[in-house]
Protein chains: 2
Amino acid sequence: MRVGELSSLSGVPTPTIKYYMREGLLPPGERTSRNQAHYDDRHLRRLRLIRALLDVGGLSVAVARDVIAALDSPDTGTHKLLGAAQQTVIRTAAYCDDEAREDATAEVLDLVHRQGWKVSADSPAVAAAAEVVGALRQLGLHDFVDRLDDYAHAADAIAATDLDLVRRRPDVDGMAEAVVLGNILGDALLAGLRRLAQVHRSAELFSSGPE
Amino acid sequence: MRVGELSSLSGVPTPTIKYYMREGLLPPGERTSRNQAHYDDRHLRRLRLIRALLDVGGLSVAVARDVIAALDSPDTGTHKLLGAAQQTVIRTAAYCDDEAREDATAEVLDLVHRQGWKVSADSPAVAAAAEVVGALRQLGLHDFVDRLDDYAHAADAIAATDLDLVRRRPDVDGMAEAVVLGNILGDALLAGLRRLAQVHRSAELFSSGPE
DNA sequence: CCATGATAGATAGTCCCGCTATCGGAAGTG
DNA sequence: CACTTCCGATAGCGGGACTATCTATCATGG
């Protein structure tokens, strides 16, 4: 197919498709002449992936490019790919000062130890979690931090399902996609499910309240 | 204190503080004359909240304003506040077409029923979850959707901790903050913890792999 | 076989967002 | 009284995600 058809099938405007190709999100089509190229359903699928990452996952174009590059890279062991997927989601915000961050990092490492997780201390995931813990502390929500283990336990259950799904994938390509999408869309999914569960439990708790 | 001190204590530049006041994120100080105002530690605390919402929570200024408005609103029952906090996190992206969204909504409502959750069908949380489910389906990750119940179970455990923390809050103001921050920072926290758990489990599974 | 319309590639422009810079006039401070 | 700080307002800036336009090409159908 040509660009016009790709556009109408995907719902993405032609100039935007060109933009994605310029930015390296979408591979170029198979050239048939100087100003003509063919696209196939891989392009269509890729476009859908891009829109999912941007719209549902809330990723920036630059981050989406990195994710896709990791997906395309042939030497991608699952463990390494997981690392790449992680990099993408980690916020690089520097909220709290160095001292608070150090304390928070120690706290997270303690938690990791309590959970029996084997994770290197310089993993970006540690830094990300520490950032949030530091923020919670600075805002005085210490009781929140006191329940870290509860949250960690739930996270462990989630990761178990994640990895199980990945393991069951028939092919490596599918595995890669499952890892990335499971993380990025999974975050959005979990946020939604958490809200749902909250609504239910909150209604039960405060059913005597207003409204 | 005056603006300069507020700025140095919070680490937020003076012009940015003024910008936040213009945008309604930060209440004005107590005016002492035509061009002088006093700020207190409530302003400092609020500034820290704002930075946490923006930097750690990844909210936009406009959404942060809505969150803060809900916090300030005096008539805020906890249940209602929870609803307000939810609105803020829901992505309004329209990824999939109407038909797919309808199917996905039905699927989510089924899940809600299986979990025994009592949630009205037009809750924004339902729409948010349905959006993700629709995206997963359109991308062909059906096995992911098959494990929805596992994720829902974990979400339920998380919500239980959330609500328990809220219930234990001594004052209403603290409750409101706990709800909002627990949701917004909690999402970031869970994402981090999930990555941590994944790293651990993935290392166990694929320890024979490269690196 | 040529007019018409779509296409590739390149460049420039647009809009929004989150600040940031500047300015005029007034107030505190040594 | 000089000097700094502050308020309020307006304007500007830099980045991100498109979007519009232009030219040279090519496919196609009457």
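The following paragraphs describe the predicted model of protein chains A and B with DNA strands C and D, from overall architecture to individual residues.

The model is predicted, with local features requiring a pLDDT of at least 70 and side-chain atom pairs counting only at pLDDT 80 or more, whereas totals for chains, interfaces and linings use all residues. Residues are numbered from 1 along each chain as its sequence is written, chains are lettered from A and ligands numbered from 1 in the order in which they are written, and side-chain values use heavy atoms, with hydrogens and water left out.

The secondary structure of chain A comprises ten helices and two strands, where helices (H or I, at least four residues) and strands (E, at least two) are DSSP runs numbered from the N terminus. From the N terminus, the order of elements is α-α-β-β-α-α-α-α-α-α-α-α. The mean pLDDT of chain A is 88, and 88% of its residues score at least 70; pLDDT is the predictor's confidence in each residue, from 0 to 100.

Of the 211 residues of chain A, 51% count as buried, a class defined by a relative accessible area under 20%, with exposed meaning over 50% and partly exposed in between (1.4 Å probe, protein chains only). Contacts are defined by heavy atoms within 4.5 Å. Of the contacts in chain A with a separation of 6 or more, 60% are between residues 24 or more positions apart.

The largest nonpolar core contains 127 residues; such a core is a set of buried Ala, Val, Leu, Ile, Met, Phe, Trp, Tyr and Cys residues joined through side-chain atoms within 4.5 Å. The members that touch the most others are Leu53, Leu185 and Leu196 of chain A and Leu53, Leu185 and Leu196 of chain B. Beyond its neighbours within four places in sequence, Leu53(A) is in contact with Gly58(A), Leu59(A), Ala64(A), Val67(A), Ile68(A), Leu181(A) and Ile184(A).

Several residues illustrate the protein interior and the relation between the chains. Val119(B) lies in the loop between helix H6 (98-115) and helix H7 (124-138) of chain B and is buried because its relative accessible area is 15%. Apart from neighbours within four places in sequence, the contacts of Val119(B) are Leu196(A), Val199(A), His200(A), Val112(B) and Val126(B). Gln198(A), in helix H10 (residues 172-205) of chain A, is buried at 2% relative accessibility. The side chains of Gln198(A) and Asn183(B) are joined by a polar contact of 3.1 Å; the term denotes a pair of N or O atoms within 3.5 Å, and within protein one must be able to donate a hydrogen and the other to accept it, while residues adjacent in sequence count only if both atoms are side-chain atoms. Met175(B), located in helix H10 (residues 172-205) of chain B, is also buried, at 14% relative accessibility.

Around DNA strand C there are 23 residues, of which Val3(A), Arg31(A), Gln36(A), Tyr39(A) and Asn35(B) come nearest; a residue is near a strand if one of its heavy atoms lies within 4 Å of it. Sugar and phosphate make up 70% of the atoms of DNA strand C within 4 Å of the protein. Phosphate oxygens of DNA strand C lie 3.1 Å from a backbone N or O atom of Gly4(A) and 3.2 Å from a polar side-chain atom of Tyr20(B). A side-chain N or O atom of Arg22(B) is 3.3 Å from a base oxygen of DNA strand C. H2(B) gives the most to this surface, with five residues. The surface near DNA strand C consists of nine nonpolar, eight polar and six charged residues, with Ala, Val, Leu, Ile, Met, Phe, Trp, Tyr, Cys and Pro taken as nonpolar, Asp, Glu, Lys and Arg as charged, and the others, Gly among them, as polar.

Of the atoms of DNA strand D within 4 Å of the protein, sugar or phosphate provides 76% and bases the rest. A phosphate oxygen of DNA strand D is 3.0 Å from a side-chain N or O atom of Tyr39(B), and a backbone N or O atom of Val61(A) lies 3.1 Å from a phosphate oxygen. A base oxygen of DNA strand D is 3.4 Å from a side-chain N or O atom of Asn35(B). H2(A) contributes the largest share of the surface near DNA strand D, five residues.
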